[in-house]
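Look over the sequence and the model before reading on.

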Amino acid sequence: MSKVFVIPDVHLKPWMFDAASDLIEKGNYDKIVLLGDLVDDWNQEKNLDLYRETFDKIYEFLDRYPDVIYCFGNHDVSYLFQAFESGYSSYAQDIVVEGINKIIDTLPVDNSAYIHRIDNVLFSHAGLTEKFVRQCFGSGGILGIDEFLAQVNRLSKDKIWGDDSPIWVRPQLDYCRMYPIDMMQVVGHTPVKHPQLDRDGKLLSLDNFSTYRSGEPIGDEKFVWVDTVTGKWDVIGEDHVNNGE
């Protein structure tokens with residue numbers, strides 16, 4: 001059993017790391033996964049202090065938990081790619097580029113990537129779909145899963161920066177087959193009101209900390225743990241266990 005604590009999309013909410021630390025210290029977790037989108041939020045483009053505070057909290061968190069697994073989000077790599085999108089802050093560009101690179105340099109090699117596999121579960125910002133695999137690799141499944149994911153993680157900007165990629169796709173809104181079909185995936189990116197299980201227990205969506213343009217929360221702002229062997233998961237602090245069914 002590998003019990004994984006998941007931190008969904010952050011979007012300039014440094015308080016999430018204090019809240020996560022409090023829960024982690026009370027529990028027993030084998031790994032911690034960040035689903036990406038650490039930066040950018042509604043009307044915060046000029047709030048450089050908030051960008052700096054967010055990265056400072058992340059650095060403190062990584063000092064405390066140095067083996068965190070980080071999934072790149074579209075808002076994160078947009079700065080590395082210089083690819084503009086909604087929420088992008090040209091004012092904070094240098095802060096973000098420096099911050100993301102510091103995270104990559106701080107974490108162990110291979111802990112920062114688009115997709116990670118832990119046991120029987122894939123973690124990424126948005127999800128890996130069969131359509132994307134076919135676009136980039138044809139039929140896909142010739143390689144073993146780990147070698148295949150390594151190839152996905154080496155893809156260039158022109159492959160990754162697209163609607164169907166693991167940082168952009170929204171399988172919750174438009175039906176598409178996940179890849180591979182027999183593995184559970186845990187994703188963020190698409191806001192949900194509460195942790196949402198779809199695709200016969202194979203897709204767990206956790207972007208439940210994002211906000212509306214007004215700043216009001218969309219979701220319940222609850223953290224989740226996932227058992228990456230059995231597929232069981234639950235909201236931290238709840239007294240029941242979801243079986244992934």
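## Helices H3 and H4

In this predicted model, the axes of H3 and H4 cross at roughly 105°. Angles of 65 to 115 degrees count as roughly perpendicular, so H3 and H4 are roughly perpendicular to each other. Their axes come within 9 Å.

The contact involves Asp76, Tyr79 and Leu80 on the H3 side. Facing them from H4 are Gln93, Val96, Val97, Ile100 and Asn101.

## Serine 89, between the two helices

Serine 89 sits in the loop that links H3 (74-81) and H4 (93-106). Is serine 89 buried or exposed? Its relative accessibility is 0%, so serine 89 counts as buried.

The side chain of serine 89 reaches the backbone oxygen of glutamate 45, at 2.5 Å. Beyond four places in sequence, serine 89 is in contact with Asp40, Glu45, Tyr51 and Tyr79. Tyr79 is also among the H3 residues that meet H4.

## Aspartate 9

Aspartate 9 belongs to another loop, between strand E1 (3-7) and helix H1 (15-26). Aspartate 9 is buried, yet has no salt bridge. Which side chain of opposite charge is nearest to aspartate 9? That is arginine 170, 7.3 Å away. A salt bridge needs the charged atoms within 4 Å.

A polar atom of the aspartate 9 side chain does lie 3.1 Å from the backbone nitrogen of histidine 189. Leaving aside neighbours within four places in sequence, the contacts of aspartate 9 include Met16, Leu35, Gly36, Asp37 and His125. Gly188, His189, Asp207, Phe209 and Ser210 also touch aspartate 9.

Key: Residues are numbered from 1 along each chain as its sequence is written. This is a predicted model: local features need pLDDT of at least 70, side-chain atom pairs count only at pLDDT 80 or more; totals for chains, interfaces and linings use all residues. Side-chain values use heavy atoms; hydrogens and water are left out. Helices (H or I, at least four residues) and strands (E, at least two) are DSSP runs, numbered from the N terminus. Buried means under 20% relative accessible area, exposed over 50%, partly exposed in between (1.4 Å probe, protein chains only). Lys and Arg count as positive and Asp and Glu as negative; His and the chain ends are not counted. A polar contact is a pair of N or O atoms within 3.5 Å; within protein, one must be able to donate a hydrogen and the other to accept it, and residues adjacent in sequence count only if both atoms are side-chain atoms. Contact means heavy atoms within 4.5 Å. Axes are lines fitted to C-alpha atoms, for helices over the stretch in contact, and angles run from 0 to 180 degrees between N-to-C directions. Angles under 35 degrees count as roughly parallel, over 145 as roughly antiparallel, 65 to 115 as roughly perpendicular and the rest as oblique.
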